[in-house]
Amino acid sequence: IIEYPLILLFIVIGTLFLIFISNLVSIFLSIELQSYRLYLLSTIYRNLELATFSSLIYFLLGGLSFYFILLSTSLLYTNLGITNLDNLYIIINILDIINLVNIFNIIY
């Protein structure tokens, strides 16, 4: 199959993008780049009924999971206004410190 090395190349490129990215939207796009090639890879044997069924199930479950990833990213952006993972980490740590101080004030 001629397309097989090209499909694997795009899967590796999507994985490398996923390693070096620190933005939620870019992470979503790199996972999409990787997953579409995996959908193609799962349907490489089109004549087998089991391969077609498994690729359809994989596609439907992948679409459902990406809906939840996109929903959570949009909720984070609407509530905090950021999509950068470094800034998100800083805000979460600040909120943890504030909650810890509030708990300490309630106890004592």
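In which helix does T73 lie? T73 sits in helix α3, where helices are DSSP runs of H or I of at least four residues, strands are runs of E of at least two, and both are numbered from the N terminus. Residues are numbered from 1 along each chain as its sequence is written, and side-chain values use heavy atoms, with hydrogens and water left out.

Confidence comes first. pLDDT is the predictor's confidence in each residue, from 0 to 100; its mean over the protein chain is 84, with 95% of residues reaching 70 or more. Helix α3 (residues 49–80) has the highest mean, 87, and helix α4 (residues 85–107) the lowest, 80. Where pLDDT is low, the predicted coordinates should not be read in detail.

Next, the annotations. An unreviewed UniProt entry gives "transmembrane region" for residues 6–29, 50–76 and 88–107; UniProt positions are in the numbering used here, feature names are shortened, and annotations may be inferred rather than shown by experiment. Residues 50–76 are 100% helix and 0% strand, with their end C-alpha atoms 39 Å apart. For residues 6–29 the end C-alpha atoms lie 19 Å apart, and the span is 88% helix and 0% strand. UniProt also places "domain: NADH:quinone oxidoreductase/Mrp antiporter transmembrane" (unreviewed entry) at residues 23–93. The end C-alpha atoms of residues 23–93 are 18 Å apart, in a span that is 85% helix and 0% strand.

Back to T73: it counts as buried because its relative accessibility is 12%, buried being under 20% relative accessible area, exposed over 50% and partly exposed in between (1.4 Å probe, protein chains only). A polar atom of the T73 side chain lies 2.8 Å from the backbone oxygen of I69. S35, in helix α2 (residues 24–42), is buried too, because its relative accessibility is 5%. Here a polar atom of the S35 side chain is 3.2 Å from the backbone oxygen of E32.

Helix α2 also holds S26, which counts as partly exposed because its relative accessibility is 27%. S26 and N84 are 58 residues apart in sequence, yet 9.7 Å apart in space, C-alpha to C-alpha. F17, found in helix α1, is partly exposed as well, because its relative accessibility is 46%. From F17 to I44 there are 27 residues in sequence and 24 Å in space, C-alpha to C-alpha.

Ten residues line the largest pocket, and the closest to its centre are E3, I7, L40, I44 and R46. For the terms, a pocket is an open set of points on a 1 Å grid over the protein atoms alone, where a 1.4 Å probe fits, with protein on both sides within 12 Å along at least five of seven lines; lining residues have an atom within 4 Å of a point. By class, the lining holds six nonpolar, one polar and three charged residues.

Notes
Polar contact = N/O pair within 3.5 Å; in protein donor to acceptor, adjacent residues only side chain to side chain. Nonpolar A, V, L, I, M, F, W, Y, C, P; charged D, E, K, R; others polar.
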